[in-house]
Amino acid sequence: MDVLGRARGLVVLVEDQLTRRDVDNAWDLLDANEAGVAVELVATQLVEHGATVEEETVRLVRSLCEEMGLRDEVWRSLRGTTADAPDGVAETLRALSSLLYRTGEPRWAALLGSLAEEAATPRPADERRQLLVTVIGLYRGMGGLDDLVLQDASGVRTEQPALDDLRRRLHEQAVRERGADGPVGGGAGS
């Protein structure tokens with residue numbers, strides 16, 4: 001089956017997990033022969049809506065991305081949405097990375113995407129603890145994650161509330177998981 005046909009199959013496969021508007025937009029893009037943009041839209045919206053996707057769906061998105069030359073972040077962001085996703089920290093890091101990539105913050109997106117990959121990988125408790133310390137450390141000091149404001153020429157972007165919610169959730173998750181060892185200062189919620 002051709003790429004366009006497989007991209008159409010992806011929309012059919014996950015349309016019950018997307019809003020009607022997202023589905024309509026995906027179909028419009030596919031009708032305009034914009035399969036790559038449609039796949040990016042579907043993957044992004046699945047992550048943003050907190051959908052649980054099958055590993056088979058992630059493999060389909062990955063193969064489509066590879067065939068169309070799309071960024072790895074498109075399919076990697078879905079890995080935190082599978083039923084066997086290891087934890088909320090990885091999922092929230094992926095959602096933040098996806099949001100920041102789309103809103104023109106590639107440095108933060110790359111960093112958080114890398115941390116998401118680390119968080120999704122099983123590791124010994126001491127390494128996991130160090131990862132959580134690193135995540136919490138993102139909120140410290142000037143220029144930290146707490147200071148990030150999504151702006152363009154017209155002012156604060158409409159995605160700012162989503163950023164605020166995701167970074168608050170990430171901080172709470174990391175502090176809660178690390179909490180058995182005592183508090184760590186800094187940022188969103190401290």
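Analyst: Glu67 counts as partly exposed because its relative accessibility is 49%; in this scheme buried means under 20% relative accessible area, exposed over 50%, and partly exposed in between, using a 1.4 Å probe and protein chains only. Before going on: this is a predicted model, where local features need pLDDT of at least 70 and side-chain atom pairs count only at pLDDT 80 or more, while totals for chains, interfaces and linings use all residues. Residues are numbered from 1 along each chain as its sequence is written, and side-chain values use heavy atoms, leaving out hydrogens and water.

So who does Glu67 pair with? Its salt-bridge partner is Arg6, with the closest N and O atoms 2.6 Å apart. A salt bridge here is a side-chain nitrogen of Lys or Arg within 4 Å of a carboxyl oxygen of Asp or Glu. The pair ties together distant parts of the chain, as Glu67 belongs to helix 4 (residues 55-68) and Arg6 to helix 1 (residues 3-14), 61 residues apart. Helices are DSSP runs (H or I, at least four residues), strands are E runs of at least two, and both are numbered from the N terminus. The Arg6 end is the buried one, since its relative accessibility is 16%.

Stay in helix 4 for the next pair. Glu66 and Arg62 meet through their side chains in a salt bridge, 2.9 Å from N to O. They sit four residues apart in helix 4, so about one helical turn separates them. Glu66 is partly exposed because its relative accessible area is 49%, and Arg62 is partly exposed too, at 37%.

Helix 9 (residues 160-178) holds another pair, Asp164 and Arg167, which lie three residues apart, about one turn of the helix. Their side chains form a salt bridge at 2.7 Å, N to O. Asp164 is partly exposed at 25% relative accessibility, whereas Arg167 is buried at 8%. By the same rule the count comes to ten salt bridges.

Helix 3 (residues 35-48) and helix 6 (residues 88-102) pack at about 135°, with their axes 9 Å apart. Those axes are lines fitted to C-alpha atoms over the stretch in contact, and angles run from 0 to 180 degrees between N-to-C directions. The two helices are therefore oblique to each other: under 35 degrees would be roughly parallel, over 145 roughly antiparallel, 65 to 115 roughly perpendicular, and the rest is oblique. In this packing, Thr44, Val47 and Glu48 of helix 3 meet Ala95, Ser98, Leu99 and Arg102 of helix 6, with contact meaning heavy atoms within 4.5 Å. The residues of this contact divide into three nonpolar, two polar and two charged.

Of the contacts with a separation of 6 or more, 63% come from residues 24 or more positions apart.

Definitions and conventions
Nonpolar A, V, L, I, M, F, W, Y, C, P; charged D, E, K, R; others polar.
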